[in-house]
Every structure is written in structure tokens, then in C-alpha cells.
Amino acid sequence: MPWNLTFEDFCLTPSAEEIIEEFAKMIVRYSIKRCFMDASLSEHVERMVAMRNATDNADEMIKELTGE
């Protein structure tokens, strides 16, 4: 009866060790990709903020120079 079976009664192909090893590799690859994506996003946001600050400063300087 199927409900009387234990884990040892099943034959896994590939083996449990191989499955765990491949899963661990996937986790490491994902973690590295995530680090690179976070770094890229962080740099992009930093550039956007810098450009916004430059635009605001230029607008303020134009107002000061034109007397508005």
C-alpha cells in the first residue's frame, strides 16, 4: 500500500546528493546575479539623483542670474 512506503523505498534518479548539489549551485548563481543586479540598480538610481540635483541647481542659478 502506498501509505506504508517510507522515503527509503523510493529510488531517486539523479541521487539525492546530486539534486542537493545542483540546487546549491543554483542558489549561489542566483545570489551572485542578485548582487550584480543590485549594484547596477544602485548606480542607476545614484545617477538619476545626481542629474535631478544638477537640474535643480541649474534652474536656481538661472533664476538668480535673470533676477526672477
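A salt bridge is taken here as a side-chain nitrogen of Lys or Arg within 4 Å of a carboxyl oxygen of Asp or Glu. The model is a predicted one, in which local features need pLDDT of at least 70 and side-chain atom pairs count only at pLDDT 80 or more, while totals for chains, interfaces and linings use all residues. Residues are numbered from 1 along each chain as its sequence is written, and side-chain values use heavy atoms, with hydrogens and water left out.

The protein has one helix and zero strands, where helices (H or I, at least four residues) and strands (E, at least two) are DSSP runs numbered from the N terminus. Helix α1 covers residues 16-66, 51 residues in total. From its first C-alpha to its last, α1 reaches 74 Å, close to the 75 Å expected at 1.5 Å a residue; the expected span is 1.5 Å times one less than the number of residues. Just after α1, glycine 67 takes a positive phi of about 75°.

Buried means under 20% relative accessible area, exposed over 50%, and partly exposed in between (1.4 Å probe, protein chains only). The protein exposes about 6,700 Å², of which carbon and sulfur atoms supply 65%; these areas come from the Shrake-Rupley method, with only the protein chains shown counting as cover for residues. Phe23, Met26 and Ile27 make a nonpolar surface patch of about 310 Å², and phenylalanine 23 belongs to helix α1. Patches consist of residues with over 30% relative accessible area and no salt bridge, like charges being joined within 9 Å and nonpolar side chains (Val, Leu, Ile, Met, Phe, Trp, Tyr) within 5 Å.

The charged contacts can now be followed along the helix. Side chains of opposite charge can pair when their charged atoms come close. Glutamate 21 and lysine 25 form a salt bridge (3.6 Å, N to O); the two are four residues apart in helix α1, and therefore separated by about one helical turn. Glutamate 21 is partly exposed at 45% relative accessible area, as is lysine 25 at 36%.

Arginine 34 and aspartate 38 also meet in a salt bridge (3.6 Å, N to O), again four residues apart in α1. Arginine 34 is partly exposed at 44%, and aspartate 38 at 39%. Further along, aspartate 56 pairs with arginine 52 (3.5 Å, N to O), about one turn of the helix away.

Terms used: Areas by Shrake-Rupley, 256 points an atom, 1.4 Å probe, with all protein chains shown as cover.
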